[in-house]
Amino acid sequence: MTATSSYPGPRTTTAATTPFDVGLPVLRIVLGAIMIVHGTQKLFRWFDGPGVKSTGMFFGKAGYPAGETMAVVAGLTETLGGLGLVLGLFTPLAAAAIVGIMINAISVKWVGEVVGMEGVEFESLITAAAVTLALTGPGRYAVDSLLPVLRHHRVLHGVLALVLAVVLAVVVLLLRD
């Protein structure tokens, strides 16, 4: 006789709402909104942001070639990745985009401190949240649930998206002086 669990887990075909159905959208929406704010600060100077020119100068000082181009790429990645998370659209790729940006942010900011003014705890938390969403998927209440390929999230989708993010982040890091 086999024992079966009465807990349906994160993916259920029944109409019952699970904790994942409630918790994952909260994580998605908050993380996505944070990233949209950061991206639009770089692109449009919204939310008292520096805009492309100032962000480009920062990227240039950090050793990236074509600072303004990198500022636009970072701003678009944060904005579109954040929008994807808010909507739950292409969630593994949206989360992976955030991971790639955060790998670069941590590498630029890292001075050996984890906590404090020079620490990377905020960036680390964003990275962990994005990795979590890439691996778990968006939850039931997401646009992905309407797309046949992404309707039933597979861990493999998240792993492949994260591998892509790490590879692209390393390539961008290799472009730095």
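Student: What relative accessible area does Lys 109 have?
Tutor: Happy to start there, with a predicted model in which local features need pLDDT of at least 70, side-chain atom pairs count only at pLDDT 80 or more, and totals for chains, interfaces and linings use all residues. Residues are numbered from 1 along each chain as its sequence is written, and side-chain values use heavy atoms, leaving out hydrogens and water. With a 1.4 Å probe and protein chains only, buried means under 20% relative accessible area, exposed over 50%, and partly exposed in between. Lys 109 is partly exposed, because its relative accessible area is 32%.

Student: With which residue does Lys 109 form a salt bridge?
Tutor: A salt bridge puts a side-chain nitrogen of Lys or Arg within 4 Å of a carboxyl oxygen of Asp or Glu. Helices here are DSSP runs (H or I, at least four residues), numbered from the N terminus, while strands are E runs of at least two. Lys 109 sits in helix α4 and its partner in helix α5, 14 residues apart. The closest N and O atoms are 3.2 Å apart, and the partner is Glu 123.

Student: How many residues apart in sequence are the parts that Asp 21 and Arg 140 tie together?
Tutor: Their side chains meet in a salt bridge at 3.3 Å, N to O. Asp 21 counts as buried at 2%, whereas Arg 140 is partly exposed at 23%. Asp 21 lies in helix α1 and Arg 140 in the loop between α5 and α6, so the separation is 119 residues.

Student: Which residue pairs with Lys 42 in a salt bridge?
Tutor: Both partners are buried. Lys 42 lies in helix α1 and its partner in helix α3, so the pair ties together parts 36 residues apart in sequence. The closest N and O atoms are 3.0 Å apart, and the partner is Glu 78.
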